[in-house]
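Colleague: I have just opened this one and would like a short tour. Could you take me through it?

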Amino acid sequence: MSAISLSDLDVAYSGHRVVEDITFDVAQGESFALVGESGSGKSTVLKAIVGLAPEWSGRMSVLGQARGHKPDLAFSRICQMVFQDPYASLHPRKTVDATLSEPLQVHGIKGRDALVEEKLAAVGLDRRFRFRFPHQLSGGQRQRVAIARALMLEPQVMLLDEPTSALDVSVQAEILNLLKRLRQEHRLTYLMVTHNLPVVSFLCDRMAVMNKGRIVEIADATSLHTGDFSHPYTRELYAASGGATERKPA
Ligand SMILES: Nc1ncnc2c1ncn2[C@@H]1O[C@H](COP(=O)(O)OP(=O)(O)OP(=O)(O)O)[C@@H](O)[C@H]1O
């Protein structure tokens with residue numbers, strides 16, 4: 001059983017189709033990237049999976065459970081999304097504690113104190129941060145809180161939408177290291193949007209290259225060492241990123 005399976009996925013906004021014919025499978029425990037230039041539809045694919053882009057057709061399933069068009073509370077227990085900008089994704093008037101407790105309340109899960117502290121520790125924040133508001137945190141700390149929130153329900157699949165691109169270069173590597181560690185410790189599957197090929201090299205096993213709403217190529221991340229790609233658009237993207245990506249991102 002795949003962690004994520006998309007087949008002939010089309011997605012539109014107000015009748016205007018922006019994503020077409022998306023088909024790929026992500027294996028359990030795999031880290032899979034969607035790359036491509038701005039506007040190519042990468043985030044839209046993630047939004048469709050979590051139900052934030054409701055005009056879709058095709059087939060989607062996560063851990064063997066087919067996605068429908070109706071809200072599905074149980075889905076959030078297996079799949080969570082982390083957004084690009086932790087300023088925008090965290091409620092400014094909620095403490096870290098309130099933000100992390102909310103999914104537990106919604107799902108009627110007990111043991112709030114221990115779980116909040118456990119997930120804070122998992123993302124490298126000690127208990128001093130628990131009763132702070134987002135404006136009392138750095139950008140990197142805020143993104144750690146957003147990741148902790150995504151972990152609260154112990155999902156197996158995480159959708160990561162440019163999780164480091166809104167951060168200072170100096171903290172990008174810290175968050176990437178954290179994501180790498182969490183994936184190992186929690187045996188997570190990642191589907192990650194990025195435009196940064198060194199990030200793919202660091203964190204991902206395979207990548208799908210998107211151009212104008214379609215996938216033009218699916219390649220192993222190891223191809224980033226050699227530049228051995230079949231589609232001209234991928235070769236262009238590779239050349240634009242400066243070629244071989246042995247170096248660490250950020
Ligand atoms: N809520 C929305 N309503 C209408 N159009 C949208 C909406 N969100 C995105 N779009 C459009 O859909 C297309 C794909 O956007 P999407 O955000 O998926 O691209 P992307 O590849 O993730 O780009 P970026 O890297 O800039 O985030 C773009 O043309 C965008 O303007």
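**Domains, fold and ligand shell**

Modeller: Taken over C-alpha atoms, the centres of domain 1 and domain 2 lie 25 Å apart, and please keep in mind that this is a predicted model.

Colleague: Which residues belong to domain 1 and which to domain 2?

Modeller: The domain assignment gives 1-78 + 155-250 as domain 1 and 89-154 as domain 2. Where they touch, 13 residues come from domain 1 and 12 residues from domain 2.

Colleague: And which helix gives the largest share of the domain 1 side?

Modeller: That is helix H6 (residues 169-186), which supplies 5 residues of the side of domain 1 that touches domain 2. By class, this side of domain 1 has 9 nonpolar, 1 polar and 3 charged residues.

Colleague: Changing topic, how many helices and strands are in the chain?

Modeller: The chain has 9 helices and 10 strands. Its radius of gyration is 18 Å, close to the 18 Å that the globule rule gives for 250 residues, so the chain is as compact as a globular protein of that length. Of the 250 residues, 38% count as buried.

Colleague: Now the ligand: which residues are around it?

Modeller: The residues around the ligand include Tyr13, Val18, Gly36, Val193 and His195, and also the run Ser38, Gly39, Ser40, Gly41, Lys42, Ser43 and Thr44. Helix H1 (residues 42-50) contributes the largest share of this shell, with 3 residues.

Colleague: How many in that shell are nonpolar, polar or charged?

Modeller: The shell around the ligand divides into 3 nonpolar, 8 polar and 1 charged residues.

Terms used. Residues numbered from 1 in each chain as written. Predicted model: local features only at pLDDT ≥ 70, side-chain atom pairs only at ≥ 80, totals over all residues. Near = placed C-beta within 6 Å. Helix = DSSP H or I, 4+ residues; strand = E, 2+ residues; numbered from the N terminus. Nonpolar A, V, L, I, M, F, W, Y, C, P; charged D, E, K, R; others polar. Rg over C-alpha atoms; globule rule 2.2 N^0.38 Å. Buried ≥ 20, exposed ≤ 12 C-beta atoms within 10 Å, placed from the backbone. Domains from an automatic or database assignment. Contact = placed C-beta atoms within 7 Å.
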